[in-house]
Amino acid sequence: MTPTPLRRGFVLGAAAVHLALACLVFRRLLAGETLFAGDVYKYFLPVWLEVSAQLRAGVLPAWNPSWSCGAPLLGSLAPAALYPPVVAAAFLPPLIGFNLCVALHAPFAALGLTLFLRRLGAGQAAAVVGGAAFGGSGFVLALTTIGPQSLYVCAWSGWLLLLLDRLLEAPTGPRAAALGLAGAAPLLAGEPQFALHLALVLAGWVALRAPPAGRRRRFAAALGASVLVALAVAAAALLPAAEVLRQGERRAALEYASAATWPVLPRQLLTLGAPGLFGANHRDFPNPTSVLVRDGYPYLATLYLGALPLLALVAAPWFARGRAAVLFAGVALLFGLAALGDGFGVHRALYEVVPVYDRFRFPYKAWGAAALGLAGLAALSLDGLLRARGRARGRRAAAALGALG
């Protein structure tokens, strides 16, 4: 596979498109409103205010005296107290900084996947659609109220795939350093479960896109250096977190029944094609307990990816080709089934096989990787449709689109 060079004009154009889409999605923020819902107003915004106040005072935000009888900030990871965008936004007016930090991660996620798809050879239009399907998906946008730190990690998915692919192509010192510095961001972002899912996705791309035999040792050394750089940069947050973990309730594995709480329910998959099927917000749910989740808290209103990506996904078996298609399809299937919880065996297998996975709860969090896989697969399929030549392929494309129409 010969990587497609990323032209400056395309990068700037794609960034402008995704930023414009974000302004549309978050238009109420431009009118002076704020992201006040769900866990944001109960936990993340109060913690943000404490972190930003300490940073502006020149204090390392290690301890929160306002939470309960006092609680660690660095050690709990979730406040993302040393995550660079959080540190930068802390010096803005608090609500403006919070809104910008959260909202800008959606177009950042979209642009990262767009550039990775373009590097793989996808056409410009298909790459932009794939990026928008991920960064603007119902799940990713729901993270603005479920947990911004989860959105922070998701936003780095395409960028890390892009930097990893560059390292696979030419394992040089600067590329290893770039991957290591970017790899520290998800570790500092405060959601280790999402970071572990992302690590598994990256490992899958290494397995599929293995370098030639003559460069494997060099690549292994460069990748090891990247990991060391990432761990060293994130150590200020990881070491306190390890100490808290050693003394906390998750120092040992959770019972599987506890780890498997809050999956994506099979009926929620209908929202991939009907975004408002169960209502647009919490108040619209006719009966959240029976419709979406077992304990009455509707974490995910919709998993919607967009109309055009859904049309393209139907044609994926015929038009998505290559190792990248295998990666995205495998990621969508593996993490999609994991998100559905204990009924399909995948989540239990991850719990039993992957190190530290038995410390995590909420299978629905695996849908972040599943959304990445579906968006990437849709983009490759759309690219194949747009490049289709010949009557036979044209008839298949028309039949696939017509069936969905």
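The paragraphs below take up the nonpolar cores, then the cysteines, and then the aromatic rings. The coordinates come from a predicted model, and every value given here was computed from that model.

In soluble globular proteins, nonpolar side chains tend to be buried together. In this model the largest nonpolar core has 116 residues, and the residues with the most contacts inside that core are Tyr-83, Phe-134, Tyr-152, Trp-205, Phe-328 and Trp-367. Helix α20, which spans residues 367-386, supplies the largest share of this core, with 12 residues.

The surroundings of Tyr-152 give a local view of the packing: leaving aside residues up to four places away in sequence, Tyr-152 touches Trp-48, Ala-80, Tyr-83, Val-86, Cys-101, Val-102, His-105 and Ala-189. Cys-101, one of these contacts, is buried because its relative accessible area of 5% falls under the 20% limit. Cys-23, by contrast, has a relative accessible area of 35% and is therefore partly exposed. The structure holds zero disulfides.

Across the whole structure, a search finds 12 aromatic pairs. In one of them, the rings of Phe-108 and Trp-159 have centres 5.0 Å apart and planes at 15°, so this pair is stacked. Because Phe-108 belongs to helix α6 (residues 105-119) and Trp-159 to helix α10 (residues 157-169), the pair ties together parts that are 51 residues apart in sequence. Phe-108 is partly exposed, with a relative accessible area of 27%, whereas Trp-159, at 18%, is buried. Together with Trp-156, Phe-108 and Trp-159 form one aromatic cluster.

A further pair has another geometry: the ring centres of Tyr-357 and Phe-360 lie 6.1 Å apart with the planes at 90°, so the pair is edge-to-face. Tyr-357 is buried, with a relative accessible area of 1%, and Phe-360 counts as buried at 12% relative accessibility.

The charged end of Arg-118 sits over the ring of Phe-10, at 5.7 Å from the ring centre.

Key
Residues numbered from 1 in each chain as written. Predicted model: local features only at pLDDT ≥ 70, side-chain atom pairs only at ≥ 80, totals over all residues. Heavy atoms only, no water. Core = buried A, V, L, I, M, F, W, Y, C linked by side-chain atoms within 4.5 Å. Buried < 20%, exposed > 50% of the residue type's maximum accessible area, 1.4 Å probe, protein only. Helix = DSSP H or I, 4+ residues; strand = E, 2+ residues; numbered from the N terminus. Contact = heavy atoms within 4.5 Å. Disulfide = S-S within 2.5 Å. Phe/Tyr/Trp six-rings, centres within 6.5 Å; stacked < 30°, edge-to-face > 60°. Lys NZ or Arg CZ within 6 Å of the ring centre and 35° of its normal.
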